Amino acid sequence: MADTSAGGGRWLTGWNPEDEDAWHKGGHRVARRNLVLSVLSEHIGFSVWTLWSVLVLFLSPDIGFRFDPGQKFLLVATPTVVGSLLRLPYSYAVTRFGGRNWTVFATGILLVPTLLALYFVQRPGTPFWVFLAIGAVAGVGGGNFASSMTNITAFYPQRHQGWALGLNAGGGNLGVAAVQLIGLAVISVAGNTHPSYVAAVYLPLIVLIALLAAWKMDNVDAVRTDPGAQREAVRHRDTWWISLLYVGTFGSFIGYGFAFGLVLQNEFGATPLEAVGYTFLGPLLGSFSRPLGGWLADRLGGARVTFWNFLGMGAGTAVLIVAAERNSFGLFVAGFTALFVLSGLGNGSTYKMIPAVFAKAAEDEITSGHDANGAFARARRLSGAVIAIAGAIGGLGGAAINLAFKLSYADGSGSGTPAFLAFLAYYALCVVVIRAVYLRRRRAGSADPAGATREVSRV
């Protein structure tokens with residue numbers, strides 16, 4: 001392994017995390033350093049991406065904004081859509097420019113939507129379309145996830161990727177809870193008429209993390225991919241099955257993260273302080289549970305963990321329906337919090353399925369007489385491409401959740417039950433897909449392509 005400065009920044013050449021000697025002699029320290037900085041950058045990216053889930057609670061007639069519930073749900077859905085679509089080019093960008101170089105850029109550009117939000121929330125009477133445009137620009141924070149995850153995949157051996165990817169994503173997901181805690185602090189100290197304070201907190205943090213990434217991160221030649229990696233990945237049916245599952249896990253996490261405060265306001269008439277006071281807990285616990293989902297998947301198998309996880313999410317959604325019908329605020333918050341935890345677990349276990357599926361394909365190639373190095377290198381390239389594709393499609397699930405709430409509350413009934421019924425049906429579909437596509441493969445006698453090692457009869 002060599003350290004060079006070619007290509008506009010430090011490049012580690014000959015990096016191979018599967019080399020046991022190199023890994024124990026110092027490779028693990030390099031990987032850990034890059035992981036820590038990747039988590040910090042992704043954390044800030046998620047906070048900026050979900051900034052409007054907090055700011056929208058401030059946009060009331062008290063400060064000169066008269067937006068109806070439908071407009072507010074549309075506003076929080078907009079960055080979700082843009083951030084999801086940006087995940088594909090962001091994932092490719094890190095393979096083109098290097099993890100360090102792209103992280104510096106992707107972190108620094110967060111200043112743009114943050115400054116725009118800071119300025120316009122202080123301008124009463126600003127047209128709604130201006131806020132939609134600013135929300136769209138905030139979508140750049142969502143793209144950070146794909147480039148960060150693709151980059152970290154190259155630093156860790158396959159046996160540690162479930163943990164590493166879970167920790168990386170979980171630390172990033174904490175940005176959802178962090179921005180809501182900042183919103184809670186602002187409302188508690190300064191009241192609900194100063195949304196600009198929330199945005200102002202992030203300006204120095206963005207600058208600091210960009211500088212740290214430029215100073216301490218590395219580019220890795222192993223992360224470079226052929227331009228056609230994503231085109232090759234879309235031809236694999238597992239790419240689409242996993243993307244469908246990720247809509248249910250990550251789509252739920254980010255969609256509920258954006259919508260929870262607004263749902264409490266529309267379902268129970270909660271004040272901004274009450275809404276923010278409860279909304280941070282779910283994303284916080286869901287972020288911590290994501291590494292646990294990866295850890296469980298490393299040991300029990302991604303398909304098995306994800307299967308039981310969706311059963312739990314279905315039960316949690318049923319609790320929400322009951323709570324809404326009984327007008328039980330406490331039960332409703334408890335059910336939503338459980339859904340956040342389960343969606344976090346599912347995020348980790350579903351992502352573990354990606355490298356496991358392609359590692360199994362590489363093993364099959366080697367058994368057939370193909371070169372081992374080439375097979376595993378191809379598996380890594382495809383894993384990175386699928387991470388981007390699944391991340392993009394999964395994020396769009398978050399937008400679908402917000403649009404479902406928009407439609408559910410549009411009739412003036414004040415009930416989100418129609419949306420919850422739609423979510424319940426989707427979780428049932430995911431259970432069927434996992435059972436039919438992944439768990440039954442083992443019953444037929446093949447090796448588990450999604451990381452599990454035990455018999456399906458024990459599921």
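In the predicted model, R33 and D218 form a salt bridge in which the closest N and O atoms are 2.3 Å apart; the term denotes a side-chain nitrogen of Lys or Arg within 4 Å of a carboxyl oxygen of Asp or Glu. A search of the whole structure returns 1 salt bridge. R33 belongs to helix α1 (residues 20-49) and D218 to the loop between α9 (196-216) and β3 (219-220), so the pair ties together parts that are 185 residues apart in sequence. Helices (H or I, at least four residues) and strands (E, at least two) are DSSP runs numbered from the N terminus. D218 counts as buried because its relative accessibility is 3%, whereas R33, at 32%, counts as partly exposed. Buried here means under 20% relative accessible area, exposed over 50%, and partly exposed in between (1.4 Å probe, protein chains only). Side chains of opposite charge can pair when their charged atoms come close.

Residues are numbered from 1 along each chain as its sequence is written, and side-chain values use heavy atoms, with hydrogens and water left out. Because the model is predicted, local features need pLDDT of at least 70 and side-chain atom pairs count only at pLDDT 80 or more, while totals for chains, interfaces and linings use all residues.

The secondary structure of the protein chain amounts to 17 helices and 3 strands. Of its 459 residues, 58% count as buried. Among contacts in the protein chain with a separation of 6 or more, 83% are accounted for by residues 24 or more positions apart, a contact being heavy atoms within 4.5 Å.

The largest nonpolar core holds 123 residues, of which W52, F332, F336 and F405 touch the most other members. Such a core is a set of buried Ala, Val, Leu, Ile, Met, Phe, Trp, Tyr and Cys residues joined through side-chain atoms within 4.5 Å. Helix α11 (residues 237-268) supplies the largest share of this core, with 13 residues. When residues up to four places away in sequence are not counted, F405 touches F73, Y256, A259, V263, F336, A419, F420 and F423.

Aromatic pairs number 38 in a search of the whole structure. Rings of Phe, Tyr and Trp (its six-membered ring) pair if their centres lie within 6.5 Å; planes under 30 degrees apart count as stacked, over 60 as edge-to-face and the rest as tilted. For Y90 and W102 the ring centres are 5.2 Å apart and the planes stand at 85°, so this pair is edge-to-face. Y90 lies in helix α3 (residues 69-97) and W102 in helix α4 (residues 99-108), so the pair ties together parts that are 12 residues apart in sequence. Y90 is buried at 6% relative accessibility, and W102 is buried at 12%. An edge-to-face pair is also formed by Y278 and F329, with 5.1 Å from centre to centre and 75° between the planes. Because Y278 lies in helix α12 (residues 272-279) and F329 in helix α15 (residues 329-367), the pair ties together parts that are 51 residues apart in sequence. Y278 is partly exposed at 38% relative accessibility, as is F329 at 24%.

Charged groups also sit over aromatic rings. The charged end of R96 sits over the ring of F97, 5.3 Å from its centre, and K216 lies over the face of W215, at 4.5 Å from the ring centre. The criterion requires NZ of Lys or CZ of Arg within 6 Å of the ring centre and within 35 degrees of the ring normal.

T78 lies in helix α3 and counts as buried at 17% relative accessibility. The T78 side chain reaches the backbone oxygen of L74 at 2.9 Å. Apart from its neighbours within four places in sequence, T78 is in contact with L132, G135 and A136. E232 is placed in helix α10 (residues 229-233) and is partly exposed, with a relative accessible area of 22%. E232 and R381 are 149 residues apart in sequence and 9.9 Å apart in space, C-alpha to C-alpha. Residues up to four places away in sequence not being counted, E232 touches R378 and L382. N327, located in the loop between α14 (302-326) and α15, has a phi near 55°, a positive value in a residue other than glycine. With a relative accessible area of 55%, N327 is exposed.

Methods. Polar contact = N/O pair within 3.5 Å; in protein donor to acceptor, adjacent residues only side chain to side chain.
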